[in-house]
Amino acid sequence: MKEAIARAKNWYDRWGGVAAVALITALWLLSLPPVLPAARAELNTSNAIVGSVLDAQGQPVSESLVSLWLEEGEAPAATAETSPDGSFILSLPPYFTSPARLEISRHHFTDYAYTLSAEESAVLAGGDSLVLEDFTLARSFGPAFWVATVIFIGMLVVMALERLHNALAALLAVAVIFAITFAGGAITESLFIIDFEHDLAYIDFEVIFLLMGMMIVVGVIEETGIFQWLAYKAYQLSRGKAWLMTLILMLITAVITALLDNVATMLLITPITIQIALAMGVNPLALLFPALMSSNVGGIATLIGTPTNILIGSYAGLGFTDFLRDLTPGVLMMLAGLVIFAMFYFRRDRRAAPGKVSPALLKKLAENARIPDRKKLVKALIVLAFTLMLFIFGEGIHLTPAVSAIIGAVAMLLVVNPDIEEMMRVVDWTTLVFFMALFMVVGAIEEVGLVSTIAVAIRSVVGESTALAGIVLLWSSSILSGVVDNIPFTLAMLPAVGYLNATVPGTANNILFYALAIGVATGGNFTLIASSPNLVVAGIAERAGYRISFVDFIKVGAPVTLITAAIGMAWVLLRFL
Amino acid sequence: MSIILCATRGGEESIHTQDYAIQRAKEGGDSIVFLYIFDLDFLGHVKLNARPDLLTEEIVEMAGFLMLMAVERAEYAGVTASSLIRHGKFAAELAAAARSSGASLVILGRPAEQGHFKESGLVTLARTLSDETGIPFILRPAEQPGH
């Protein structure tokens with residue numbers, strides 16, 4: 001038995017990553033929509049009823065069943081299903097007679113019946129097609145709505161309280177949703193939440209592959225020692241001036257986290273920064289806090305800077321250059337505000353304690369910051385530059401960011417590190433599974449109408465005002481993502497923001513998506529638990545004897561969030577209104 | 001010459017503990033082994049990918065730097081010193097280090113320095129390890145002046 005377990009473990013170590021890629025690819029293929037019969041039907045719309053089904057907010061309702069009932073018929077004479085844009089083409093049977101009525105039904109909506117008038121029936125009887133006015137379905141908030149809502153809120157609470165690993169919490173939520181759908185739905189239709197195939201379609205594999213590709217790219221770069229070396233170079237350039245060291249370190253972390261993962265950045269920069277601070281005789285927190293806050297803000301600048309930007313970019317169709325053009329200048333302004341705050345707030349902590357550092361300590365510091373393999377670093381940087389060029393220029397040939405990331409990852413593996421098994425272990429499969437499960441949970445709450453309910457509530461507050469919509473979205477997401485995990489928050493908000501984007505005038509420039517991006521990222525500086533790099537820095541600092549409590553963090557984080565969110569809001573209003 | 005094992009990290013509180021250990025070593029003509037113990041339990045709270053393997057390497061290097069500072073301070077005071085870095089659960093690693101180093105006395109820092117330990121917890125831990133290993137474990141006195 002032990003041997004079997006050991007063999008299984010070996011197999012998993014060897015092939016687990018490859019198996020995970022195959023599984024993800026299979027799920028993606030399963031989620032692809034089949035070739036729609038409507039595509040063929042479009043070629044033959046004679047003698048058909050054509051229309052669209054929308055919800056109360058004017059959004060298309062896909063997969064509604066449209067049935068044609070003739071007088072005294074015991075079964076529908078013809079049926080059709082609405083496509084993703086809500087449209088349907090219902091081909092008439094040869095024996096069409098009047099009176100006739102249409103019945104439209106869909107889970108989580110109230111059934112709708114429409115009786116064709118005599119004139120409309122006459123058109124159809126004459127062999128022509130009939131185009132009807134849009135049908136509006138009203139939402140139906142039954143037990144499925146409340147069950148799905150409780151599951152979603154329960155998942156967020158479990159994550160916030162850390163009772164379960166995030167991925168497990170999301171998977172549990174998915175499992176409960178399907179258990180209720182299939183077991184409960186067999187007892188009563190009102191417990192049907194969403195079916196598996198439909199829910200799979202909510203997984204955005206663009207996001208999954210983009211994340212996976214960048215994990216490999218970052219995984220190779222992490223091992224080169226470049227982060228530590230850059231922090232040491234900042235120390236040398238500053239020539240012992242703590243204020244200059246702070247400034248350079250903030251700029252370095254902002255630039256790095258705009259392009260690479262900020263958890264990895266802070267994980268590798270924090271230990272060397274602590275050593276540098278001690279060598280300079282200053283409190284390490286005077287360097288760590290500004291660098292950390294800068295890393296949370298710097299990531300807003302590009303599509304790949306934060307996971308939330310990746311989610312927003314994919315949903316809204318925003319590319320790498322869109323973020324560069326529309327957000328990077330604002331991020332630079334936020335960083336300027338952050339630098340001024342850091343210089344003022346930590347001025348006492350930056351005062352160096354007297355005493356010289358021994359040559360042995362300086363030598364140790366230099367050793368800890370060395371680049372172990374320069375050739376590997378150069379190759380990695382060339383491939384990184386190539387990947388960034390793909391992001392920027394690939395849009396011109398419709399190269400999606402996910403494909404650019406995968407090409408970059410493959411280039412890294414081929415050019416820098418041919419050990420694919422090692423790099424497959426570097427990919428955080430748990431995080432990818434977490435994202436997939438989260439997409440499915442949010443798909444379920446979108447299906448039952450929770451998201452549209454939230455969207456309508458926000459719409460009722462902001463009315464027709466673009467500025468108010470942007471302000472409300474930015475500040476509410478900034479504050480909430482300080483206490484709630486910003487990834488599920490962003491995922492749940494995206495359809496609501498999509499609705500606002502389609503209905504509030506003047507938002508076609510994507511101002512609301514950018515407001516959301518700034519809000520959820522600036523909220524990452526609010527509390528200790530608001531973002532993963534915060535916990536990484538606090539954990540490492542504690543292990544060096546410099547404990548950061550929840551209250552210590554908020555004393556810095558709250559004003560930083562206020563300042564950066566305010567500047568971000570000013571930028572968004574200036575840029576888009 | 002006996003060996004004093006001093007469990008320490010960095011920071012102001014640790015410096016007080018190191019000074020106390022140096023003072024005791026000087027009085028008794030002993031040598032010191034500065035012991036740094038770390039774990040990566042906090043990564044369980046990190047929601048996105050963190051590299052435990054890389055972080056372990058970085059913390060070991062950071063610990064090496066912190067311990068070198070402690071060793072230099074001891075040697076400047078005329079006390080022979082070396083350091084030890086261990087990765088694992090605090091109590092278990094402390095006991096193992098105490099045995100393997102041949103220490104005749106183990107000095108622990110105050111609660112603030114030890115992170116999540118309260119004073120009563122540390123006192124209990126010291127007593128338990130003392131009974132287990134047969135080596136005296138003491139906490140730095142609270143009255144120990146700072147430098």
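Biologist: Why does Asp322(A) count as buried?

Modeller: Asp322(A) has 17% relative accessibility, and buried means under 20% relative accessible area, with exposed over 50% and partly exposed in between (1.4 Å probe, protein chains only). So Asp322(A) counts as buried. Keep in mind that this is a predicted model, where local features need pLDDT of at least 70 and side-chain atom pairs count only at pLDDT 80 or more, while totals for chains, interfaces and linings use all residues. Residues are numbered from 1 along each chain, chains are lettered from A, and side-chain values use heavy atoms, leaving out hydrogens and water.

Biologist: What makes Asp322(A) and Arg325(A) a salt bridge?

Modeller: Their side chains come to 2.8 Å, N to O. The rule asks for a side-chain nitrogen of Lys or Arg within 4 Å of a carboxyl oxygen of Asp or Glu, so the pair qualifies. They sit 3 residues apart in helix H13 (residues 320–326) of chain A, about one helical turn.

Biologist: And why is Arg325(A) called partly exposed?

Modeller: Its relative accessible area is 45%, so Arg325(A) falls in the in-between class.

Biologist: How do you know that Glu542(A) and Arg547(A) meet in a salt bridge?

Modeller: The N to O distance is 3.9 Å, so that pair passes the cut-off too. Glu542(A) is buried at 18%, whereas Arg547(A), at 48%, is partly exposed.

Biologist: What about chain B: why is Arg86(B) partly exposed?

Modeller: Arg86(B) has 23% relative accessibility, so it lands in the middle class. Its salt-bridge partner is Glu93(B), at 2.7 Å, and Glu93(B) is buried at 17%.

Definitions and conventions: Helix = DSSP H or I, 4+ residues; strand = E, 2+ residues; numbered from the N terminus.
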